[in-house]
Amino acid sequence: MLTATYILVSLSVEQASIRMSLLAFQKYMQVQLRQQSRLSLAQLQYTGDWLNRLYQGSYWRKVEMYLIPAIRQAAPHVDGLLDELNGLNHAALESINVVQQRAGAAIDHSELQAEQLCAAIDAFCAALLQRLEKEERELFALARKVIVGEAWFAIAYQFLAHDARAQEARRGKAQVLPFVLPAPLPAAGGAETLADGAAPAPPAPPQPLRAQA
């Protein structure tokens, strides 16, 4: 069915964009942190903030907003795969919690290792990348089996409305994704200064997250 093919191709494009964002973030943090033995609070806050953005962004994907609800409606008893996908989200969330806990420890003057932070970042990216792969290999195939007829046209209409809203939103504010390379992180043990000599304020620490079902 052409409508189903259009929808799944559109989702694959979205998946590719998110995958590139995750890989770019992972590579950037590895380059920045692998050579350091100690981390500053600003580095932990920066990392936690971006992990938070990437995690929350996964809930605004068309797969989450439209395809999965359509699958649940068409096949209410097909829960195994959806539970696996949700479990990968929980694994990613746990990695964010690790970073946030270490940021809290830094406030108490505990020394933190860059290798531990890199491991948390790698675990976060691995969980979401595995979810993207499982969606493309298994979820899309399941959708073709259980979603039929007019339901595909309803999803296509939702996609068009979603794209129209996203285009309108882009006129007013920048999107969270994709991850783009920022200026180098401040070195551990020292703060960067602004042009007038004042130290820049560190980013606000990310708020604790709650996993979504």
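Mentor: Let's start at Glu-14, which sits in helix 1. Helices here are DSSP runs of H or I with at least four residues, strands are runs of E with at least two, and numbering starts at the N terminus. Before we go on, bear in mind that this is a predicted model, in which local features need pLDDT of at least 70 and side-chain atom pairs count only at pLDDT 80 or more, while totals for chains, interfaces and linings use all residues. Residues are numbered from 1 along each chain as its sequence is written, and side-chain values use heavy atoms, with hydrogens and water left out.

Setting aside neighbours within four places in sequence, Glu-14 touches Arg-61, Lys-62 and Val-63, where contact is heavy atoms within 4.5 Å. Take Val-63: it is 49 residues from Glu-14 along the chain, with 8.9 Å between the two C-alpha atoms.

Now zoom out to the helix pair around that spot. Helix 1 (residues 2-33) packs on helix 3 (residues 62-74) at about 150°, with the axes 11 Å apart. Axes are lines fitted to C-alpha atoms, for helices over the stretch in contact, and the angles run from 0 to 180 degrees between N-to-C directions. That angle makes helix 1 roughly antiparallel to helix 3; the cut-offs are under 35 degrees for roughly parallel, over 145 for roughly antiparallel, 65 to 115 for roughly perpendicular, and oblique for the rest. On the helix 1 side you'll find Ser-10, Leu-11, Glu-14 and Gln-15, meeting Lys-62, Val-63 and Leu-67 of helix 3. By class, this contact has 3 nonpolar, 2 polar and 2 charged residues. Nonpolar covers Ala, Val, Leu, Ile, Met, Phe, Trp, Tyr, Cys and Pro, charged covers Asp, Glu, Lys and Arg, and polar covers the others, Gly among them.

Further along, helix 1 also packs on helix 2, at about 170° and with axes 11 Å apart. Those two are therefore roughly antiparallel to each other. Helix 2 in turn meets helix 5, their axes coming within 12 Å and crossing at roughly 5°, which makes helix 2 roughly parallel to helix 5.

Then there are the cores, a nonpolar core being a set of buried Ala, Val, Leu, Ile, Met, Phe, Trp, Tyr and Cys residues joined through side-chain atoms within 4.5 Å. The largest has 30 residues, with Leu-22, Phe-25, Leu-33 and Phe-124 making the most contacts inside it. Helix 5 gives the largest share of this core, 11 residues. Apart from it lies another core of 24 residues, and Val-63 is one of them, as is Ile-7.

As for the whole protein chain, there are 6 helices and 0 strands, and 41% of its 213 residues are buried.

Definitions and conventions: Buried < 20%, exposed > 50% of the residue type's maximum accessible area, 1.4 Å probe, protein only.
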